[in-house]
Amino acid sequence: MVSYMSLVMYGVGGIVVAGMALLVVFQEKLVYVPVLPGLTKSYPITPARLRMIYEDVWLTSSDGLRLHSWFIKFSPDCTGPTILFFQENAGNIAHRLEMVRIMLQKLQCNIFMLSYRGYGASDGYPSQQGIIRDAQAALDHLSQRTDIDTSQIVVFGRSLGGAVGVVVTKNNPDKVAALILENTFTSILDMAGVLLPFLKWFIGGSISKGPKILNFVVRSPWNTLDTVGEVKQPILFLSGLRDEMVPPLHMQMLYAKAAARNKGCTFVDFPNGMHMDTWLAGGDLYWKTVQSFLQKNVIQNNGMSLTNLQPRNGILNSNSDGIRKPNL
């Protein structure tokens with residue numbers, strides 16, 4: 001006769017197996033959130049609403065999907081720098097327009113905003129390999145434009161967008177001048193245990209200690225830590241220390257991995273920055289940091305000037321006047 005304890009164990013085992021099966025089947029819906037709860041897939045506003053100079057750009061990915069983007073210019077005759085912006089995983093590019101409006105004012109640059117497949121007006125469904133194709137299509141488009149200085153293309157990725165940005169920057173050393181990462185994770189494998197703690201016993205990346213027996217089922221691992229060390233262009237790391245989603249340790253580890261091989265890395269942290277509002281919580285220091293990075297690594301090479309700020313090499317800590325390395 002089966003004991004009560006055996007029945008409990010069978011029941012718990014069944015629940016775990018069922019839960020794992022659901023994660024395998026629906027994992028893309030956990031990683032990619034094109035539509036925020038209570039909202040629609042369509043854009044709530046366009047750049048015209050904020051009186052921006054822009055054009056709708058339709059791209060075709062290498063696998064034939066139609067992708068929508070906005071190319072926003074600081075002024076009609078502005079040739080650069082041009083920022084290729086890759087967004088976070090939730091919502092669409094319209095939800096970033098207020099930040100982009102401030103970015104235009106502070107950095108006096110052009111901004112290209114890509115809607116990943118399945119996001120906004122773009123066709124298809126999101127996946128890691130698919131989004132990498134989308135990012136490449138966007139970069140290829142920019143590199144072929146005649147109204148911008150194609151030597152001043154800078155990739156800027158936040159959160160998931162940072163993972164996208166690392167791959168496209170690594171793959172295109174001749175097209176991307178520099179890379180900016182904000183609140184980006186080491187890998188989705190490491191994030192699995194952060195967002196769903198019970199998964200740390202089954203799934204994990206480079207910084208996880210579990211057995212990782214289910215890593216093979218993850219279709220979008222986004223192993224940013226393994227890729228960032230191969231980027232040769234200058235990299236700026238912007239980290240919000242109050243990030244409630246991606247532990248700041250992830251950004252510190254990305255910096256350490258990159259800086260071991262790349263002397264053009266700069267790390268800046270912002271004590272009050274959360275996952276989505278570091279650009280706002282960081283205030284003037286945030287924008288001056290980005291200005292300095294662009295001045296040193298992109299604009300200065302062309303004999304131009306955005307600002308008379310002098311960039312500091314190495315690590316800049318936003319709550320001190322000195323230079324220190326992040327605590328790893």
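At what angle do helix H2 and helix H9 pack, and how far apart are their axes?

1. Where to begin. This is a predicted model, in which local features need pLDDT of at least 70, side-chain atom pairs count only at pLDDT 80 or more, and totals for chains, interfaces and linings use all residues. Residues are numbered from 1 along each chain as its sequence is written, and side-chain values use heavy atoms, with hydrogens and water left out.

2. The overall picture. You will find nine helices and nine strands in the protein; these are DSSP runs numbered from the N terminus, helices being H or I of at least four residues and strands E of at least two. Of its 328 residues, 52% count as buried (under 20% relative accessible area, with exposed meaning over 50% and partly exposed in between, for a 1.4 Å probe and protein chains only). Among contacts (heavy atoms within 4.5 Å) between residues at least 6 apart in sequence, 72% join residues at least 24 apart.

3. H2 against H9. Helix H2 (residues 97–107) packs with helix H9 (residues 283–299) at an angle of about 55 degrees, and their axes are 10 Å apart. Axes here are lines fitted to C-alpha atoms, for helices over the stretch in contact, and angles run from 0 to 180 degrees between N-to-C directions. That angle makes H2 oblique to H9; under 35 degrees would count as roughly parallel, over 145 as roughly antiparallel, 65 to 115 as roughly perpendicular, and the rest as oblique. H2 contributes Met99, Ile102, Met103, Lys106 and Leu107 to the contact, while H9 brings Asp284, Trp287, Val290, Gln291 and Leu294.

4. H3 against H4. The axes of H3 and helix H4 (residues 160–171) come within 10 Å and cross at roughly 60 degrees, which makes H3 oblique to H4. On the H3 side the contact uses Ile131, Ile132, Ala135, Gln136 and Leu139, and on the H4 side Val164, Val167 and Val168.

5. Two cores. A nonpolar core is a set of buried Ala, Val, Leu, Ile, Met, Phe, Trp, Tyr and Cys residues joined through side-chain atoms within 4.5 Å. In the largest one, with 48 residues, Phe86, Trp222, Ile235 and Phe237 touch the most other members. Helix H3 (residues 128–143) supplies the largest share of this core, seven residues. A second, separate core has 35 residues, among them Tyr43, Ala94, Leu294 and Ile299.

6. A residue to look up: Leu114. Leu114 sits in strand S4 (residues 110–114) and is buried, with a relative accessible area of 0%. Leu114 and Ser69 are 45 residues apart in sequence, yet 4.5 Å apart in space, C-alpha to C-alpha. Leaving aside residues up to four places away in sequence, Leu114 touches several residues, including Leu59, His68, Phe86 and Ala135.

7. Backbone details. Most residues other than glycine have a negative phi, and most peptide bonds are trans. The bond from Gly80 to Pro81 is cis, with omega near 0 degrees, and Pro81 is in the loop between strand S2 (66–73) and strand S3 (82–86). Gln108, in the loop between H2 and S4, has a positive phi of about 50 degrees and counts as partly exposed at 37% relative accessibility. Trp222 also has a positive phi, near 40 degrees, but at 1% relative accessibility Trp222 counts as buried.
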